[in-house]
Amino acid sequence: MKVYRPLLWNVISQAALLLVAQWELGCSGMTLNSVPLPRAPLRSPRASARALAHRQKRSWVWNQFFVLEEFTGDEPLYVGKLHSDVDKGEGQVKYILMGEGASSIFTIDENTGDIHAIKRLDREEQAYYTLRAQALDYHTSRPVEPESEFVIKVQDINDNEPKFLDGPYNSRVPEMSPVGTSVVQVVATDADDPTYGNSARVVYSILEGQPYFSVDPKTGVIRTALPNMDREARDQYLLVIQAKDMVGQMGGLSGTTSVTVTLMDVNDNPPRFSRKSYQFSVPESLPVASAVAKIKALDADVGPNAEMEYRIIDGDGLGMFRVSTDKDTQEGVITLLENLDFETKTTYSLRIEASNRHPDTRFLSPGMFSDIANVRLTVENVDEPPLFSSPLSKMVVSEAAKVGTIIGTMSANDPDSTNSPIRYSIDRNTDLERFFNIEATTGIISTAKPLDREINAVHNITILAIESLDPAQVGKGIALITVMDINDNAPVFAIEYETFLCESSSPGQVIETISAVDRDEPPSGHRFFFSLAAEAVGNLNFTLRDNKDNTASILTKRAGFQRRQQSLYRLPVLIVDSGTPALSSTNTLSIRVCECDGDGSPQSCGAEASMLAAGLSTGALIAILACILTLLVLVLLIVMMRRRKKEPLILDEDRDVRENIVRYDDEGGGEEDTEAFDMVALRNLNVVRGGGGDSKVRRDVTPEVTTLYMPRPPPYKAAPADNNGIFREFIWDRLKEADVDPAAPPYDSLQTYAFEGSGSVADSLSSLESLSTDSDQNYDYLSDWGPRFRKLADLYGHTDGSNIFSS
């Protein structure tokens with residue numbers, strides 16, 4: 001049976017409980033020996049009294065065992081003793097231990113029942129161990145008592161210092177906070193047993209950070225300790241907080257952490273100008289909306305607390321300037337609202353106030369959070385270009401105006417005190433066709449060409465005004481000339497009409513409704529009058545009815561139209577406009593007679609359709625024409641191919657032989673191929689030169705192009721003579737040879753020869769000429785040397801009176 005009993009008793013209670021326990025064990029017949037008195041198993045007086053009142057006979061009696069953690073002795077630590085009434089001390093009973101840590105941490109003497117701890121224990125790793133004990137017969141190992149369970153509790157000692165698991169800390173608090181404002185709470189934990197002694201009872205203290213901050217010793221809450229802490233003076237503090245166990249008593253363990261406290265800015269500083277007056281110079285030519293100057297008020301605060309507002313509160317430049325805030329730099333930007341004129345006013349004065357955009361009411365006092373500066377602006381004289389009295393002048397001219405008609409005048413003057421004379425001209429980039437001229441000294445604009453409103457109704461030209469004293473100063477003005485319309489265009493058909501007339505039409509039937517357009521634009525709008533031309537008034541086929549709404553209807557006068565008789569009618573129509581003077585035009589309306597279906601929709605029109613109806617269709621005729629055209633093209637191609645001459649494949653003999661390329665698609669047959677090439681020609685060039693018409697050619701491959709070369713004379717063999725004569729004769733012979741050589745280039749060229757003079761008396765020792773000379777040496781013995789020399793025997797040996805390479 002498992003029993004749990006409290007631990008915290010004073011010494012008197014422990015002694016009383018021990019006496020009760022000893023008395024109880026004596027009555028039960030089983031004893032319990034445990035650790036010394038302070039570590040003895042304990043239970044409350046109420047539990048002890050209850051045990052005395054309800055005591056019963058049992059063979060096993062034990063309680064909780066206690067063992068100190070971190071024991072560092074050399075011998076195993078004695079925990080307690082187990083004993084059974086069955087054990088008479090005769091060695092007939094043995095004790096065994098099972099459960100957590102049995103044999104590895106705890107051992108039991110099987111004869112005496114003594115329990116020892118053989119390893120150092122740590123309560124923070126495991127606070128108690130549950131084990132089972134049993135008494136067995138020594139000889140048979142049979143249980144003499146039932147198995148029972150008990151607990152060994154590890155008793156805590158102060159071996160762990162407090163730790164700040166969340167440290168180091170960072171916190172923020174507004175500047176100028178009152179004393180006692182909470183900053184942050186620090187928490188330290190102690191791994192020791194909080195239910196035993198003071199090992200886990202922690203108190204807090206501040207080691208660094210006084211006198212600015214304090215810490216509550218029990219809760220760890222850090223608070224401000226001084227009033228009016230100014231961020232502008234110091235914005236950050238580093239605190240060191242200590243946590244000590246044993247309620248801070250001597251011998252307790254401690255741990256520390258750091259707390260960084262940053263003061264947050266509040267708007268407790270007003271803006272201030274670095275100077276009370278500013279002076280700037282402004283050129284009078286500065287464009288409107290340009291920045292004139294910048295001023296800035298300084299504020300020790302940061303962020304939104306340093307945002308500024310500027311305004312002009314007084315001065316003679318209220319209508320000429322305005323001030324705004326640059327959001328990035330918090331500067332006051334003075335901007336020009338109107339054009340400056342040095343000749344009119346040379347200086348302006350402004351009083352500008354700077355204030356915080358987000359003031360803090362806690363620190364607000366009248367006049368404290370604003371500052372005023374005086375700004376003086378001096379206008380600088382600039383040589384300005386001429387100014388037109390009106391930058392945009394609107395003029396009108398009739399399109400009937402003759403060349404030289406005066407349209408209007410542009411006027412400009414020099415705004416400077418020099419008052420330079422002005423000369424005028426037209427920017428021809430705006431008048432490419434030169435419709436207008438301007439008088440250079442007066443600025444009078446006149447027409448230079450006839451105008452046509454229907455081509456260009458409005459002319460936008462730029463007039464240049466140039467100072468005579470300084471031509472670099474040029475002013476610009478705009479002349480907007482509108483061309484007024486006259487009635488110079490006759491009305492015409494609105495569209496090109498295609499009118500169809502059914503053969504079944506009845507008299508008085510409307511076959512077309514026509515309208516007209518006129519390029520002119522009269523102020524009162526268009527009004528057109530329609531009628532038949534004089535030559536068509538008496539016709540018997542059609543009539544015209546004016547609808548009085550700028551349209552007219554074409555009607556038939558009779559019935560019985562037949563396309564076979566006449567398929568096309570042309571009706572002249574006279575259109576007159578309402579202009580002054582009135583203009584008219586005759587337009588011809590083409591009317592085709594068609595065969596129509598029951599709904600009046602034309603099916604086939606004109607005489608061609610009538611003819612095709614009796615014969616072939618249009619598609620059939622087109623197909624026949626296409627076939628005929630194709631046959632003609634084929635015949636023409638055949639004739640051209642037959643007449644085409646075949647180009648000769650043989651090259652012209654007069655062409656330069658250097659342009660001939662002789663190509664053989666033959667890779668040779670290796671050592672066994674003795675028919676492909678003349679090996680003698682490769683060994684001795686003189687054989688080819690001296691061969692004449694018997695020169696060798698390939699017997700197995702026919703070249704694509706064969707070029708005949710003139711045979712050269714045999715190589716020069718010098719007779720005994722002086723060396724200079726030998727060389728002169730050699731050069732002369734080679735010169736004559738080159739002159740008659742058709743393969744030589746037709747221009748002067750450099751000929752290089754390797755001639756060393758007269759030959760040796762012994763002649764050449766080379767074997768390359770052995771086949772082409774009259775040598776009497778016999779190489780037939782090579783055939784007797786075996787297969788390896790058979791190729792040499794074939795090349796150098798003699799056959800039946802002829803060489804294998806001779807032709």
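Visitor: Is Cys 596 buried or exposed?
Guide: In this predicted model, Cys 596 counts as buried, because its relative accessibility is 18% and the cut-off for buried is under 20%.

Visitor: Which cysteine does Cys 596 form a disulfide with?
Guide: Cys 502, with the two sulfur atoms 1.9 Å apart. Cys 502 is buried as well, at a relative accessible area of 11%.

Visitor: Left-handed or right-handed, that disulfide of Cys 502 and Cys 596?
Guide: The torsion about the S-S bond is about -90 degrees, so the disulfide is left-handed.

Visitor: Which parts does the pair tie together?
Guide: Cys 502 is in strand S34, residues 499-502, and Cys 596 is in strand S40, residues 584-596. The pair therefore ties together parts that are 94 residues apart in sequence.

Visitor: How many disulfides does the count come to?
Guide: Two. Besides the pair of Cys 502 and Cys 596, a disulfide joins Cys 594 to Cys 605, with an S to S distance of 1.8 Å.

Visitor: What's the torsion about the S-S bond of Cys 594 and Cys 605?
Guide: About 105 degrees, so this disulfide is right-handed.

Visitor: And where do Cys 594 and Cys 605 sit?
Guide: Cys 594 is in strand S40 and Cys 605 is in strand S41, residues 602-605, eleven residues apart. Cys 594 counts as buried, because its relative accessibility is 0%. Cys 605 counts as partly exposed, at 24%.

Visitor: What pattern do the disulfides follow?
Guide: Counting bonded cysteines along the chain, the pattern is 1-3, 2-4.

Visitor: What about Cys 627, how accessible is that?
Guide: Cys 627 is partly exposed, with a relative accessible area of 49%.

Visitor: S40 keeps coming up. How many bridges join S34 to S40?
Guide: Four, and the two strands run parallel. Leu 501 stands opposite Val 593 in S40.

Visitor: In what sense do S39 and S40 pair?
Guide: Antiparallel, over nine bridges, with S39 covering residues 568-576. Leu 568 stands opposite Arg 592 in S40.

Visitor: Then S40 to S41, parallel or antiparallel?
Guide: S40 and S41 run antiparallel and are joined by three bridges. Glu 595 stands opposite Ser 604 in S41.

Visitor: How many residues lie between the strands in the hairpin of S40 and S41?
Guide: Five, and in that hairpin Gly 600 takes a positive phi near 85 degrees.

Visitor: Different topic. In what order do the strands of the open sheet with S25 come?
Guide: The order is S25-S32-S31-S28, four strands with mixed pairing. The edge strands are S25 (392-398) and S28 (422-426), each of which pairs on one side only. From one strand to the next, the twist averages 30 degrees.

Visitor: How many bridges are there between S31 and S32?
Guide: Nine, in the antiparallel sense, between S31 (residues 458-467) and S32 (residues 474-484). Ala 465 stands opposite Gly 475 in S32.

Visitor: On to the surface. Which residues form a nonpolar patch there?
Guide: Leu 629, Leu 631, Val 633, Leu 634, Leu 636, Leu 637 and Met 640, with about 690 Å² of accessible area together.

Visitor: Where does Leu 631 lie?
Guide: In helix H4, residues 618-643. Leu 631 is exposed, because its relative accessible area is 55% and exposed means over 50%.

How values were computed:
Residues numbered from 1 in each chain as written. Predicted model: local features only at pLDDT ≥ 70, side-chain atom pairs only at ≥ 80, totals over all residues. Heavy atoms only, no water. Patch = residues over 30% accessible without salt bridge, like charges linked within 9 Å, V, L, I, M, F, W, Y side chains within 5 Å. Areas by Shrake-Rupley, 256 points an atom, 1.4 Å probe, with all protein chains shown as cover. Salt bridge = Lys/Arg side-chain N within 4 Å of Asp/Glu carboxyl O. Buried < 20%, exposed > 50% of the residue type's maximum accessible area, 1.4 Å probe, protein only. Pairing = 2+ DSSP bridges. Axes fitted to C-alpha atoms, helices over the stretch in contact; angles between N-to-C directions. Disulfide = S-S within 2.5 Å.
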